[in-house]
Amino acid sequence: MTASPDKPDKAPEPEPDKTPEPDRTAEPAETPAADKAAEPDKEPEKKAPAEKVSTDKPEKAEKAETADKAAADKASADKAEKKASTDKNPVDPDPDPADPPASSGKATATAVEPDTVKAIPVRHYGRWIAAVVVLALLGLLVNAFASANVHYSAIPDYIFDSSVISGLGKTVLISLLAMLLGLVLGIVLAVMRLSKNPVTSSVSWLYIWFFRGTPVYVQLLLWFNLALIFPYINLGPIYRDEMSDFMTPFMAALLGLGLNEAAYMSEIVRAGIQSVDEGQTEAAHALGMSQGRTLRRIVLPQAMRVIVPPTGNEFINMLKTSSLAAAAAQYLELLRSTSDIGQTTGATVEMLFLAATWYLILTSVFSVGQFYLERRFARGALRSLPLTPWQKVRANLAAFGNRSKGGVSA
């Protein structure tokens with residue numbers, strides 16, 4: 001029995017190689033066994049096109065992706081060329097919104113780097129007004145002193161006078177010695193104050209309470225007139241003499257300034273000692289170090305970073321406070337020397353200006369020394385040391401030069 005040639009066949013499945021499928025309708029189905037034997041041969045023929053299609057799809061996707069990538073590269077290159085031509089041409093063309101963003105490494109490499117942005121600082125008119133007001137006030141002050149009845153030519157005539165130089169040396173000497181006495185005694189008082197012994201701690205507290213509570217001028221007067229109370233000084237086998245011979249103006253100034261400074265230095269040293277971690281002391285004791293050795297070798301070197309800045313400030317204050325010894329203890333320091341010249345020559349105000357000039361010079365010189373001393377003791381505590389005065393000047397000049405060019409580069 002054969003199939004009718006008029007009966008329509010099933011739609012053949014698509015094949016990539018376009019191989020004609022054998023016509024199953026043209027052959028007679030002889031037996032059911034032959035049909036069963038032909039079924040295994042049909043399954044591979046149906047699966048083969050599916051496998052072929054699955055392998056062709058990634059190839060087509062890769063080709064499409066490559067084409068998109070090439071189009072994006074071309075678009076980014078065109079955009080870069082447009083930007084370069086725009087930088088040269090002052091007339092900016094209309095931007096193309098259809099330009100895709102550059103997404104490949106090649107486009108990034110061909111892109112033009114943006115120009116440096118210059119940030120123009122905002123104008124603060126209030127600062128200019130304040131500067132003008134301050135300069136106007138300074139001008140009025142300078143004009144007032146310039147028109148005053150002061151003979152300024154007398155100041156350079158006596159600036160290196162022998163009596164002025166002698167008084168300057170005595171000022172520096174009494175300041176150094178009084179500061180040394182105050183520092184040594186201040187360390188002792190600080191240790192006594194931190195001691196667990198109630199007697200030494202109470203004595204230290206009373207000392208600080210008395211000398212900080214009374215003016216230094218009153219203390220100088222008391223030391224200079226101590227002979228009215230104690231005619232003799234008797235230290236046993238060490239020293240014995242009349243108080244008037246012992247309490248000279250130099251000794252009165254030294255004791256008055258030094259003992260008063262000790263009260264303030266004790267608090268500075270105590271604050272420095274307490275700033276050191278207690279674990280440092282415990283570790284030193286664990287190593288077998290005594291209390292005194294721990295204080296000298298472990299605690300005080302670390303406390304110097306805290307002690308040095310206020311100590312330098314106290315010394316600069318001592319340079320100026322030493323002028324009180326001229327009136328209270330009749331000590332011939334800088335102020336007394338210039339005052340004597342002013343009374344002799346009649347240039348009283350001019351000599352006071354001369355004394356002020358020398359005090360400014362002294363404080364400026366010792367302030368620079370204090371800065372470098374603080375910088376040295378801060379080496380182990382700061383990651384970057386502060387700039388020196390010369391480095392600050394160079395940095396300010398560089399910043400001023402950048403501002404004068406019209407902006408700050410960002």
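Is T321 buried or exposed? T321 is buried, because its relative accessible area is 18%, and the cut-off for a buried residue is under 20%. The model discussed here is predicted.

- T321 lies in helix α11.
- Leaving out residues up to four places away in sequence, T321 touches V216 and L257.
- A303 also lies in helix α11.
- The relative accessible area of A303 is 0%, so A303 is buried.
- With residues up to four places away in sequence not counted, A303 touches G272, I273 and V276.
- A303 and F377 are 74 residues apart along the chain, and their C-alpha atoms are separated by 9.6 Å.

**The largest nonpolar core**

- In soluble globular proteins, nonpolar side chains tend to be buried together.
- In this model, the largest nonpolar core contains 26 residues.
- The residues with the most contacts inside this core are V164, V269, L334, L354 and W358.
- At least two residues of this core come from each of the helices α5 (162-194), α9 (249-274), α11 (291-321), α13 (334-345) and α14 (348-377).
- Another core lies apart from it and has 13 residues, including L189, M243, L255 and A263.

**Contacts of L354**

- L354 is among the residues with the most contacts inside the largest nonpolar core.
- When its neighbours within four places in sequence are left aside, L354 is in contact with I155, Y158, I159, V164 and T338.

Conventions: Residues are numbered from 1 along each chain as its sequence is written. This is a predicted model: local features need pLDDT of at least 70, side-chain atom pairs count only at pLDDT 80 or more; totals for chains, interfaces and linings use all residues. Side-chain values use heavy atoms; hydrogens and water are left out. A nonpolar core is a set of buried Ala, Val, Leu, Ile, Met, Phe, Trp, Tyr and Cys residues joined through side-chain atoms within 4.5 Å. Buried means under 20% relative accessible area, exposed over 50%, partly exposed in between (1.4 Å probe, protein chains only). Helices (H or I, at least four residues) and strands (E, at least two) are DSSP runs, numbered from the N terminus. Contact means heavy atoms within 4.5 Å.
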